[in-house]
Amino acid sequence: MKKLSLKLGIIFFITLFCIETFMMFFLHVSLTNSRVEEELINLQTTGNSHRTILEQNFDEETLSHILLMESRENTDVVITDNVGTILAASSSHPEIHVYLKKLKGRVPYSGQVLEKNWQDEKYIATISPILKQQKTVGYVFMFQNTDSIHALMERLNKHFLIVGLVSALVTIAVIIVLSRKLAQPLMAMKEATLKMNKGDFTVALSTNGKDELSDLANAIQQLSDDLNHLREERKEFLASIAHELRTPITFIKGYSDILYKRDLTEQDRQKYLGIIIEEMNRLSTLIKDLFDLAKMDENAFVINKERLQLDELVASIEVKLRPAFQEKEIHLFVQCEKGLTLMADSVRLEQIILNLLNNALTYCSSGDSTFFIVKRQNNLLKIIVKDTGKGIPKKELPYIFERFYRVEKSRARAHGGMGLGLAIVRELVHAHGGEVTVVSEENKGTTFELLFKG
């Protein structure tokens with residue numbers, strides 16, 4: 001966690017530091033230029049005001065009055081004639097001739113900035129021409145010592161430094177909080193995956209959020225639940241397969257020994273032989289289902305499609321199963337539209353339907369109903385097997401097509417089920433290019449729908 005937090009913190013800090021530094025530099029330059037520009041405008045305005053007074057009364061008394069006014073300010077004024085001879089000055093400025101040499105052409109009546117380089121020069125300066133009858137008779141030079149500007153910039157720099165330090169501390173605090181918020185879920189997921197790698201699938205991650213980390217946690221949690229479910233099912237399968245193989249073999253061995261060692265009446269011989277045959281058939285069916293699934297896994301399962309008349313197939317299936325439904329007093333309703341055809345393997349399609357109807361027969365009680373419907377819908381062929389039996393619990397529904405999965409394990413074993421029927425149904429439907437869906441509600445029934453093209 002420390003390494004991850006450190007990396008995240010460094011990345012965030014560098015990013016935010018660069019952004020804040022750029023913004024503060026930009027703000028500092030903007031404020032500085034704005035302040036200097038404001039000082040120059042004020043200086044120029046003052047010079048223009050003095051120029052206006054001198055244009056009205058260009059005499060010694062007016063010059064003295066202007067010098068008196070400037071003596072109360074932090075600026076200096078120098079008044080010259082048109083060739084640069086100093087007529088009045090609030091302080092000594094030997095740079096006057098230097099500034100006059102810098103003038104190029106006529107000075108605009110609105111005035112002109114002579115010096116604005118406050119970083120390197122001692123003064124900033126402006127000039128305003130004095131006109132009499134449209135002729136320049138003198139100049140008003142305004143000077144302001146840059147020490148005050150430097151002092152202002154120093155105060156501004158201190159404020160920016162304080163703001164920068166506070167921003168850096170706040171940024172670091174935010175980064176620490178954010179990095180931990182990001183790192184802790186990731187480390188929890190890492191620990192969860194390490195536990196899963198060691199075979200411990202009892203993982204509990206927080207999945208309440210709605211961001212990408214929560215999506216990842218959800219995925220890991222789902223994977224853990226699925227692996228745990230798979231492990232439990234594997235254990236159950238091993239127990240089930242051991243029981244399912246042991247039971248018929250025990251019966252076959254036991255009754256074979258009886259037939260071999262004892263003198264029995266013909267009636268007993270027939271009875272025991274019937275039990276042996278029944279267990280042999282059960283064992284043969286189990287092995288055949290396992291073999292079929294193995295071939296499906298290897299893509300070695302062959303589907304021989306042909307154009308089938310579905311009403312004939314449905315009628316044949318009804319004849320086979322109606323006695324079993326009548327014996328359990330379950331109502332069987334069969335409906336098939338006339339003239340429906342489908343490109344399918346007749347043996348495998350019949351196997352699909354028989355598995356579904358046998359499933360309904362197993363889990364329906366006396367007085368329940370089962371509906372077997374075949375119809376055309378939106379250029380698709382739909383086969384529906386619906387019952388009003390006990391239904392499937394919602395938590396079990398996602399797993400019913402898995403191999404060896406049984407909703408009621410003890411009851412399914414009593415009925416001889418291995419949890420292979422629906423797995424075979426799904427594989428065979430997919431082999432025909434179809435889809436199978438299921439909807440179920442406890443104590444209300446289950447509906448299987450098969451969809452096939454053409």
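This is a predicted model: local features need pLDDT of at least 70, side-chain atom pairs count only at pLDDT 80 or more; totals for chains, interfaces and linings use all residues.

1. Residues are numbered from 1 along each chain as its sequence is written, and side-chain values use heavy atoms, with hydrogens and water left out.

2. The largest nonpolar core holds 42 residues. (Such a core is a set of buried Ala, Val, Leu, Ile, Met, Phe, Trp, Tyr and Cys residues joined through side-chain atoms within 4.5 Å; buried means under 20% relative accessible area, exposed over 50% and partly exposed in between, with a 1.4 Å probe and protein chains only.) Leu310, Leu349, Phe372 and Val374 have the most contacts inside this core. Helix α8, residues 346-363, gives the most to it, with seven residues. (Helices are DSSP runs of H or I, at least four residues, numbered from the N terminus.)

3. A separate, second core has 18 residues, among them Leu63, Met142, Ile149 and Leu156.

4. The whole structure has eight salt bridges, each a side-chain nitrogen of Lys or Arg within 4 Å of a carboxyl oxygen of Asp or Glu. One of them joins glutamate 350 to lysine 320, with the closest N and O atoms 2.3 Å apart. This pair links helix α8 to helix α7 (residues 310-327), 30 residues apart in the chain. Glutamate 350 is buried at 15% relative accessible area, while lysine 320 is partly exposed at 48%.

5. Aspartate 257 pairs with lysine 253 in a salt bridge at 3.5 Å between the closest N and O atoms. Both lie in helix α5 (residues 212-261), four residues apart, so about one helical turn separates them.

Terms used:
Helices (H or I, at least four residues) and strands (E, at least two) are DSSP runs, numbered from the N terminus.
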